[in-house]
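Subject: Structure handover and notes

Hello,

Here is the structure you will be working with. My notes on it follow below.

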Amino acid sequence: MTWSAHTTPDGKSYFYNALTNQTTWEKPDELKTPLELALDKLPWKKVVSADGKVYYYNKQTNTTTWTCPKEYQDVLDSFKTPAVTSNPAISSPAITSTATVQSVKPPGATTFPNLTLKNSVVAISTFSSTSRATHPLPIRRPSSPPLPEYKTKQEAETAFKKLLDESGVKTDWTWDQTMRVIISNPKYQALKTLAERKATFYNYVEEKKQREREEHRVKLERSRKEFLELLKNSKVVTSSTRFRKVVELFGHHECFKFLSEKERERIFDDHIEELSRREKEVLRISRKENLEKFRKMAYSFPNISIYTTWKEFQKMYESSMDYIIDQKLQKMDKIDFLSVFEELMKGLEGEYLDKQKVIIDRRNREARIARAGFKELLKELDIKAETKWKDVYPKFKDDERYKNMIGQPGSSPLELFWDVVVEMDRKLIKAREIGLRVVRDHDINELDLEKFMHLLGSDFVNTIGTDTITTVFNELKEGKLVRQPTPPPQPFPNGSPNQPYYQNQQRYDRQYNQHPRRSYQEPYHRHRSTEPLVDPNAPGQYQSQTLASHALSNKAELYEIYKSDRKIQKKVSSFKHYLKKLDSPAITLDSKWEDVQKRVEGREEYIAVKEFAEIGFDLYLERLKEKSMQGSSDDESRKRRKEKKKEKDHKKKHRRGDDDSEDEERRERSRKKKSKRDERDENGDEKKERKEEDDSAEEGEVRY
């Protein structure tokens, strides 16, 4: 016999022809029983589904039925008593044999080593029984009748997915792997085309991946919660517990095994951090309560003051019963005790300073009232510029207002007295000065006191005082007050051109005004107006002229402000640089401020300095004077340096020979060096000039 029966590893039967090396899923007629041959003649075929149910399929009408057709049953009934055959290979395929499979390999047959044959029927063949081989699977898939048709494509896809699920298809399988497993199942024919089967397969794999991911996520979340609950419920785990201890405690739990190493450590670290935070919070609350309790105890000590030391305070609270019986207070840190002590001392010091401030304010108020009362007392006395302390002291030594001033802070009675005397002296000097201007235009012998006061003006008389005006009038009448000759102007009174003229002029004024008869003289004589009054008889004209005659005095005050304010000095320095850039015509030593002022009015530099503009002009003129004195010497030295360099270059030229190219290169380098040196000289002069101007502004080198 040429045909033999075999079984695949998954239990499917196939048949092999040893002569033709042909394999087939269908049972050859040579191996079929008479019943099988009779059933083959019928259009009906018996089919078993994947779930083990039997149904019948008509290949002519393409109909299926779950009940056995009558024709099929009649044939079965006619073969109720099966014939006994001595050939086991011709038995029905439903009969399962437990014999060992023996395959016959004819000469030239192909061997398939990967195919294991189990549960096969021993084939009776004319070939030698010693040749054994594994035969290949049939190339063609056996035709099987389709399942009952599905109403919709969705039902067919559902049935195909169910087949994939029942076959145990995994997400990492390929279509080829899957097809080998499900191709023999009748449900494989649920979808008509290969493209539909592949699309459904990939859709099934993607859905299964999503289900697995979701299941893994749910299980992971559940494992996290279970592991965290284990940590929370454990009494062994504290903030100082190490992770290796947790591994020993919970390593056998399923949730611990499911989590990754990184995930376990993260959950453990979060739990330990939470425990540490809770412990710190408990300690903070306990420390706050202890501090508040100790603070109340410290404030209750009766003998504590701003002079209490830290050691004394320690003895106080250590001997207190509240401290002795309270164990929590004893466990407090020494720093906390010290902080409470410092807080207590600051409070006591604040209270002490507040009390002292009230006392000092009360004393200052009393001293201020006493000074006001003593000033009223001085006004009641007839104090003049020549009055002395010893002349008025007997008049108020027993006065209560004088006694209240003794021992008070601030100005003393003698200082207040001298303030009044100085004020009266200032008024006397003012009155004498204006009185001399009156007698310059009027004969004093033709004036009476009333006419004299009329010429001075009522406002001036009220400011100076009638007594002082009367004293000056009497001095003029008696000839005691005579105009002194004006001293000649001295640009450098001390003979030192480097010392500021204004400082020398001040020293000269102090020396000149020491004599009581000369104290009324105007120190800045060269600025005095010599023009006659428009109306010599008009009242108040002498007062306004006197104010005009003190224009230079105001200028001196502005200069004092200029010296003390750095911002003004910078503005004036910018104005000086602006004056330096003026041309057509440029400012010279002969320029006048009135002419320059008309040219610069409206400029930002002038508006920035305004009243200090004339000071900047004077400083610029002084700088021009110094440059004119130094210019000649600088020019001569620069000229000598150039001649010396020229002579030196001439000697080098003759020493190097007659090489024209070298000479030309050397001359070019010489010209470049010379131009750079000249630029440095010019820049150096300009920088030196700027520095000298700034130094002059800082040192006050202004000469009026």
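A residue is called buried when its relative accessible area is under 20%, exposed when over 50%, and partly exposed in between, with a 1.4 Å probe and protein chains only. This is a predicted model, in which local features need pLDDT of at least 70 and side-chain atom pairs count only at pLDDT 80 or more, while totals for chains, interfaces and linings use all residues. Residues are numbered from 1 along each chain as its sequence is written, and side-chain values use heavy atoms, with hydrogens and water left out.

Aromatic pairs

Rings of Phe, Tyr and Trp (its six-membered ring) pair if their centres lie within 6.5 Å; planes under 30 degrees apart are stacked, over 60 edge-to-face, and the rest tilted. The structure has 32 such pairs. Phe294 and Phe337 are a tilted pair because their planes are at 50°, with the ring centres 4.7 Å apart. This pair links distant parts of the chain, 43 residues apart: Phe294 belongs to helix α8 (residues 261–299) and Phe337 to helix α12 (residues 334–380). Helices (H or I, at least four residues) and strands (E, at least two) are DSSP runs, numbered from the N terminus. Phe294 is buried, at a relative accessible area of 0%, and Phe337 is buried at 1%.

Trp593 and Phe617 also form a tilted pair, at 5.4 Å centre to centre and 45° between the planes. Trp593 is in helix α23 (residues 593–600) and Phe617 in helix α25 (residues 613–655), 24 residues apart. Both Trp593 and Phe617 are buried.

One aromatic cluster is formed by Phe294, Phe301, Trp310, Phe313, Tyr317, Tyr323, Phe337 and Phe341.

Charges over rings

A charge sits over a ring if NZ of Lys or CZ of Arg is within 6 Å of the ring centre and within 35 degrees of the ring normal. Arg197 lies over the face of Tyr188, 4.4 Å from the ring centre. Arg264 has its charged end over the ring of Phe256, at 4.3 Å from the centre.

Helix α5

Helix α5 (residues 194–233) has 40 residues and spans 57 Å from first C-alpha to last, close to the expected 58 Å (1.5 Å times one less than the number of residues). Its buried residues include Arg197, Phe201, Tyr204 and Leu231. Among the elements that cover the buried residues of α5 are α3 (153–166), α4 (175–182) and α8.

Nonpolar cores

A nonpolar core is a set of buried Ala, Val, Leu, Ile, Met, Phe, Trp, Tyr and Cys residues joined through side-chain atoms within 4.5 Å. The largest has 22 residues, and Tyr562, Phe575, Leu579, Ile587 and Val600 have the most contacts inside it. Elements giving two or more residues to this core include α21 (551–564) and α22 (566–581); α25 gives the most, with 7 residues. Leaving aside neighbours within four places in sequence, Leu579 is in contact (heavy atoms within 4.5 Å) with Ile587, Val596, Val600, Gly616, Phe617 and Tyr620. Another core, apart from this one, has 21 residues, among them Leu428, Ile469, Phe473 and Leu476.

Strands

Two strands pair if DSSP finds at least two bridges between them. Strand β5 (residues 54–58) has 4 of its 5 residues buried. Strand β4 (residues 44–48) pairs with β5 in the antiparallel sense over 5 bridges, with Lys45 opposite Tyr57. β5 also pairs with strand β6 (residues 63–65), antiparallel over 3 bridges, where Asn58 has Thr63 as its bridge partner. The hairpin of β5 and β6 has 4 residues between the strands, and Asn62 takes a positive phi near 55° there.

Regards
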